[in-house]
Amino acid sequence: MSVDVPRRIVLLRHAKADWPQVADHERPLADRGRNDAPLAGRRIAEAGLTPELTLCSTALRTRETWKLVVHELPHRPKTVYEERLYDAPVGQLIEVINETADDVTDLLVVGHNPGMHGLADALAGEADEGARERMERGAFPTSAFAVVTFSGSWKSVEIGCGRLASFWAPHE
């Protein structure tokens, strides 16, 4: 596959988590999160986003989110649970994305804030009308996702390389 093909990155923040007396990594979804995650999955499917690969943080809340989202998609992409996505700064998130094989056109990343918001903002050198405003207005709430498009290899993903094509959040 040519490295000049258009590519999409879907950056999905985990659904609303509960706050029981457990380590942060082991926090489960709250009831609202279990309701919102399938909505995000349906919206991803309705938007025609077809990830071939999903990179998901190993935190319980991201894994639970992904399990609810994927049931709403027309096909199940390959999933890699990646420890480096947990509590990762933007630079580390970009490093993980840079490792994606070039036969992948659409990538979905399930992660945390402030990383997902920071990454969407950092990658988006440009934005489609209203997308950046919607993202900034809601501060990237739980179950929200941003779609960033770019052309080139995954190794070329860097700050400012893409266009924020869309942003969706539940309860908007």
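The model is a predicted one, so local features are only taken where pLDDT is at least 70 and side-chain atom pairs only at pLDDT 80 or more, while totals for chains, interfaces and linings use all residues. Residues are numbered from 1 along each chain as its sequence is written, and side-chain values use heavy atoms, with hydrogens and water left out.

Start with the sheet. Its 7 strands make an open sheet with mixed pairing, in the order E3-E2-E4-E1-E6-E7-E5. Helices (H or I, at least four residues) and strands (E, at least two) are DSSP runs, numbered from the N terminus, and two strands pair if DSSP finds at least two bridges between them. Strand E3 (78–82) and strand E5 (124–127) sit at the edges with a single partner strand each, so one side of each has no neighbour in the sheet. On average, neighbouring strands are turned by 25° against each other, direction ignored. Strands of a sheet pair through backbone hydrogen bonds, either parallel or antiparallel.

Both senses turn up here. Strand E1 (residues 6–13) pairs with strand E6 (residues 145–151) in the antiparallel sense over 7 bridges, and Ile9 stands opposite Val148 in E6. E2 and E3, on the other hand, pair in the parallel sense over 5 bridges, with Leu55 opposite Val80 in E3. E2 is mostly covered, as 5 of its 5 residues are buried (under 20% relative accessible area; exposed is over 50% and partly exposed in between, with a 1.4 Å probe and protein chains only). Leu53, Leu55 and Ser57 point one way from E2, and Thr54 and Cys56 point the other way.

Next come the helices. Helix H2 (residues 60–70) lies across E1, strand E2 (53–57), E3 and strand E4 (106–111), running at about 150° to E2. Helix H5 (residues 131–138) lies across E5, E6 and strand E7 (162–168), at about 55° to E7. Axes are lines fitted to C-alpha atoms, for helices over the stretch in contact, and angles run from 0 to 180 degrees between N-to-C directions.

Helix H4 (residues 115–123) packs against H5 at an angle of about 155°, with the axes 12 Å apart. That makes H4 roughly antiparallel to H5 (over 145 degrees; under 35 is roughly parallel, 65 to 115 roughly perpendicular and the rest oblique). In this contact (heavy atoms within 4.5 Å), His117, Ala120 and Asp121 in H4 meet Arg132, Met135 and Glu136 in H5. The axes of helix H3 (residues 90–98) and H4 come within 9 Å and cross at roughly 75°, and the two are therefore roughly perpendicular. Here Val90, Leu93, Ile94 and Ile97 in H3 meet H4 residues including Met116, Leu119 and Leu123.

The peptide bond from Asn113 to Pro114 is cis, with omega near 10°, and Pro114 belongs to the loop between E4 and H4. Ala139 has a positive phi of about 55° although it is not a glycine, and Phe140 also has a positive phi of about 55° without being a glycine. Ala139 lies in the loop between H5 and E6, and that loop holds Phe140 too. At 43% relative accessibility, Ala139 counts as partly exposed, whereas Phe140, at 0%, counts as buried.
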